[in-house]
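Work through the exercises below with the model open beside the page. Each task is followed by a solution in steps.

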Amino acid sequence: MPLLASDIDDAIRAAGLRVTESRRAVFGALRSHPHASADDIHAAVQPVVDCTLQSVYNALGDFAAAGLVRRIEPAGHPMLFELRVDDNHHHLVCTRCGAVEDVDCATGHAPCLVPGDTHGYRVAVAEVTYWGLCATCAAEDS
């Protein structure tokens, strides 16, 4: 179900941010493009609003700082952004095509992993990335 402009505006305001045309477009694009890079989002918003790649980065940075989006950084891949925040989920990343999928944590509560030695840290979150071949790439090997 697509978000209405008023829902997007409310989400942006609730995060303590001012609503702008570019922020609205970036947020809407993330709704349709989970795990998107800034370049992907920029390409998606260009038909909707004329904004620079730097404006997209600014909006994504503001959203991440406000807790509105989650930034994930799979090794060897561009930084990706998603709207699924504040839950305990991880990611599957295809080593061939780079596809990314969400996967819920097996233990259910954060942090789902506890290090053997915390070195005095109070651990709040553990990020897990599973690497392998997606179903499409695996089928190509068959």
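The model is predicted: local features need pLDDT of at least 70, side-chain atom pairs count only at pLDDT 80 or more, and totals for chains, interfaces and linings use all residues. Residues are numbered from 1 along each chain as its sequence is written, and side-chain values use heavy atoms, with hydrogens and water left out.

**Exercise 1. The whole chain**

Task: State how many helices and strands the chain has, and give their pattern along the sequence.

Solution. 
Step 1. Helices (H or I, at least four residues) and strands (E, at least two) are taken as DSSP runs, numbered from the N terminus.
Step 2. On that basis there are five helices and five strands in the chain.
Step 3. Their pattern along the sequence is α-α-α-α-β-β-β-β-β-α.
Step 4. The C-alpha trace spans about 45 × 45 × 30 Å along its principal axes.
Step 5. Of the 142 residues, 34% are buried; buried means under 20% relative accessible area, exposed over 50%, and partly exposed in between, with a 1.4 Å probe and protein chains only.
Step 6. Among contacts (heavy atoms within 4.5 Å) with a separation of 6 or more, 42% join residues 24 or more positions apart.

**Exercise 2. Helix H2**

Task: Compare the span of H2 with its expected value, and list its buried residues.

Solution. 
Step 1. H2 covers residues 21–32, which is twelve residues.
Step 2. The expected span of a helix is 1.5 Å times one less than its number of residues.
Step 3. From first C-alpha to last, H2 reaches 17 Å, close to the expected 16 Å.
Step 4. The buried residues of H2 are Ser22, Arg23, Ala25, Val26, Phe27, Ala29 and Leu30.
Step 5. As background for reading such a list, an α-helix has 3.6 residues a turn, so residues three or four places apart point the same way.
Step 6. The C-alpha atom of Ser22 is separated by 9.6 Å from that of Asn58, 36 residues apart along the chain.
Step 7. Asn58 lies in helix H4, and its 39% relative accessibility makes it partly exposed.

**Exercise 3. Helices H3 and H4**

Task: Describe how H3 crosses H4, and sort the contact residues by class.

Solution. 
Step 1. Axes are lines fitted to C-alpha atoms, for helices over the stretch in contact, and angles run from 0 to 180 degrees between N-to-C directions.
Step 2. The axes of H3 (residues 38–45) and H4 (residues 53–65) come within 9 Å and cross at roughly 115°.
Step 3. H3 contributes Ala38, Asp39, Ile41, His42 and Val45 to the contact, and H4 contributes Leu53, Val56, Tyr57 and Leu60.
Step 4. Ala, Val, Leu, Ile, Met, Phe, Trp, Tyr, Cys and Pro count as nonpolar, Asp, Glu, Lys and Arg as charged, and the others, Gly among them, as polar.
Step 5. The contact therefore has seven nonpolar residues, one polar and one charged.

**Exercise 4. The sheet**

Task: Give the strand order of the open three-stranded sheet, and say how S3 pairs with S4 and with S5.

Solution. 
Step 1. Two strands pair if DSSP finds at least two bridges between them.
Step 2. The order is S4-S3-S5, with mixed pairing.
Step 3. S4 (100–104) and S5 (129–132) are the edge strands, each pairing on one side only.
Step 4. From one strand to the next, the twist averages 25°.
Step 5. S3 (residues 89–94) runs antiparallel to S4, joined by five bridges.
Step 6. His91 stands opposite Asp102 in S4, and Leu92 has Glu101 as its bridge partner in that strand.
Step 7. S3 pairs with S5 in the parallel sense over four bridges, and there Leu92 stands opposite Tyr130.
Step 8. Five of the six residues of S3 are buried, so S3 is largely enclosed by the rest of the structure.
Step 9. The hairpin of S3 and S4 has five residues between the strands, and Gly98 takes a positive phi near 85° there.

**Exercise 5. Loop residues**

Task: Are Asp86, His119 and Val125 buried or exposed?

Solution. 
Step 1. Asp86 is placed in the loop between S2 (80–82) and S3, and counts as exposed at 79% relative accessibility.
Step 2. Asp86 has a positive phi of about 60° although it is not a glycine.
Step 3. His119 is in the loop between S4 and S5, and counts as exposed at 63%.
Step 4. The phi of His119, also not a glycine, is positive at about 55°.
Step 5. Val125 lies in the loop between S4 and S5, and counts as exposed at 58%.
Step 6. The C-alpha atoms of Val125 and Val114, eleven residues apart along the chain, are separated by 9.2 Å.
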